[in-house]
Amino acid sequence: MKVIEIRISQDLCKGCLLCVWACPYNVLEAGKERNYRGVEVPVVAKLEECKACRLCEYRCPDFAIQVITDKDIEKLREAEQVELRWQKRVELAEEVGVSE
C-alpha cells in the first residue's frame with residue numbers, strides 16, 4: 001500500500017499537534033503558518049516515510065487529517081462508478097415517466 005497524500009484541513013485543525021506526537025515515523029511536524037484560528041497547523045515533512053498506519057488520523061480529535069493511499073483511490077473510483085450507474089437509472093426512470 002502506497003501513501004498518495006496526507007491532507008490536513010486548515011478549517012478543522014485546532015493546532016493541538018496530537019498527530020505529530022502520535023506518528024511513529026516522524027512524518028508530520030509543527031508548521032510555521034497559521035490558519036484562520038491563529039494556530040500553527042502541522043505539515044507533512046516526510047511523506048515517503050509514511051507507512052499508512054493512520055495513527056495520526058485516529059488521534060486527531062477534530063478529524064482534520066486524512067491519509068490517502070492507492071487503495072483508497074481505487075475505492076473512490078468504484079464508488080464513483082456506482083454513483084454514475086445510479087444516476088443513469090434515475091435519468092432513465094425520468095424519461096419513461098416513472099415517479100418515485
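Let me begin with the largest nonpolar core, which has 16 residues, and in which Ile6, Leu28, Ile65 and Val67 touch the most other members. A nonpolar core here is a set of buried Ala, Val, Leu, Ile, Met, Phe, Trp, Tyr and Cys residues joined through side-chain atoms within 4.5 Å. Buried means under 20% relative accessible area, exposed over 50%, and partly exposed in between, with a 1.4 Å probe and protein chains only. Two or more residues of this core come from each of strand 1 (3-8) and strand 4 (65-69). Strand 1 gives the most, with three residues. Helices (H or I, at least four residues) and strands (E, at least two) are DSSP runs, numbered from the N terminus.

A word on the basis of these values. The model is predicted, so local features need pLDDT of at least 70 and side-chain atom pairs count only at pLDDT 80 or more, whereas totals for chains, interfaces and linings use all residues. Residues are numbered from 1 along each chain as its sequence is written, and side-chain values use heavy atoms, with hydrogens and water left out.

I turn now to individual residues. Leaving aside neighbours within four places in sequence, Val67 is in contact (heavy atoms within 4.5 Å) with Val3, Glu5, Ile6, Cys50, Ala52, Arg54, Cys56, Glu57 and Asp72. Thr69 is placed in strand 4, and counts as buried because its relative accessibility is 0%. Not counting residues up to four places away in sequence, Thr69 touches Met1, Lys2, Val3, Ile4, Ala52 and Arg54.

Pro42 belongs to the loop between strand 2 (28-29) and strand 3 (43-44). With 4% relative accessibility, Pro42 also counts as buried. With residues up to four places away set aside, the residues touched by Pro42 are Ile8, Cys13, Leu17, Cys19, Val20, Glu29, Ala30 and Gly31. Pro42 and Gln10 are 32 residues apart along the chain, and their C-alpha atoms are separated by 9.4 Å.

Finally, the overall architecture. The protein has three helices and four strands, in the order β-α-β-β-α-β-α from the N terminus. Its radius of gyration is 19 Å, well over the 13 Å that the globule rule gives for 100 residues, so the protein is more spread out than a compact globule. That radius is taken over C-alpha atoms, and the rule is 2.2 Å times the number of residues to the power 0.38. Along the principal axes, the C-alpha trace spans about 60 × 35 × 20 Å. Of the 100 residues, 25% count as buried.
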